[in-house]
Every structure is written in C-alpha cells, then in structure tokens.
Amino acid sequence: MVENSELRKVGLKVTLPRVKILQMLDSTEQRHMSAEDVYKALMEAGEDVGLATVYRVLTQFEAAGLVVRHNFDGGHAVFELADGGHHDHMVNVESGEVIEFFDSEIEKRQREIVAEHGFELMDHNLVLYVRKKR
C-alpha cells in the first residue's frame, strides 16, 4: 500500500487529489492506466477530481519518479507505479492489453550488444506489439 509519506518523500504536498490518484493507481488491478482511465475510475468511486487535475497530478508524479509514463500506441500515454523493478512489455494490438514480462536472456543479450558496440547501457525500453495467433 502506497503511503502519504511517499508524496512527502518526493517533495510533493499531500493533497486530497494526489492521495486519491495515488491510492487508485496502487489499488487497481489494471497496472497501466491512461489519465482518462484514472479519471473514470475516480468518478465511478464517487470521487470529485477533474480530468485536468488528473493530468496535472500524473505529470507531477512522473517528474517525481512515482510513476512511469509509456507511449505504446501512437502517443496514447499510460502510467504505471514505479516499483523499481525492470520489466518489458507486450501490447496486444487488437485489444490494447499490456502484458509485462521479464527475460534474463533478453536483458543479457542487450547488454552484450551494447558492449560490442563500445557503449554503456543507460536505460532501455522493449515493447513487443503482438496479436493472438490465427
């Protein structure tokens, strides 16, 4: 469970909209949510937080390192809580479902390729766009 101290730790004042949005991201089964998804979930829960506020708070959370923004399909941004663990993503192009995965062999090979080219890996994002076999 995410605590209010998380907000203070990253230098953000504890406000009701920030707390509600952080709790929503922490408690939902849907790990990757757009600002619109967060807004709709808050409305369904009876919370009075405007869409502009949701966008603003998510941007603040991203800048503070609380969430990670992904632009999977043509600029449609989704957010997930930054849990510190690396993982990659598969996006089902037909349903929009995002599947997380981690593969040590892929991670190892990427580091090897970078080293072979004389570079140091700073960060990376691997997104596979998939659909069910027909």
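View 1. Strand β3 (residues 88-92) and strand β4 (residues 98-101) run antiparallel and are joined by 4 bridges; strands pair if DSSP finds at least two bridges between them. Between the two strands lie 5 residues, and G96 adopts a positive phi near 85° in this hairpin. Helices (H or I, at least four residues) and strands (E, at least two) are DSSP runs, numbered from the N terminus.

**View 2. Helix α4 and its buried side.** Helix α4 (residues 51-64) comprises 14 residues and spans 20 Å from its first C-alpha to its last, close to the 20 Å expected at 1.5 Å a residue; the expected span is 1.5 Å times one less than the number of residues. T53, V54, V57, L58 and F61 are the buried residues of α4. They lie on the same side of α4 because they cover an arc of only 130° around the axis, taken from the directions from the helix axis to the C-beta atoms. Buried denotes under 20% relative accessible area, exposed over 50%, and partly exposed in between (1.4 Å probe, protein chains only). A52 and A63 are exposed residues on the face turned away from the buried side. G65, with a positive phi near 85°, follows α4.

**View 3. Surroundings of S34.** S34 is in the loop between α2 and α3 and counts as buried, at 2% relative accessibility. Leaving aside residues up to four places away in sequence, S34 touches H76, A77 and V78; contact requires heavy atoms within 4.5 Å.

Residues are numbered from 1 along each chain as its sequence is written, and side-chain values use heavy atoms, without hydrogens and water. In this predicted model, local features need pLDDT of at least 70 and side-chain atom pairs count only at pLDDT 80 or more, whereas totals for chains, interfaces and linings use all residues.
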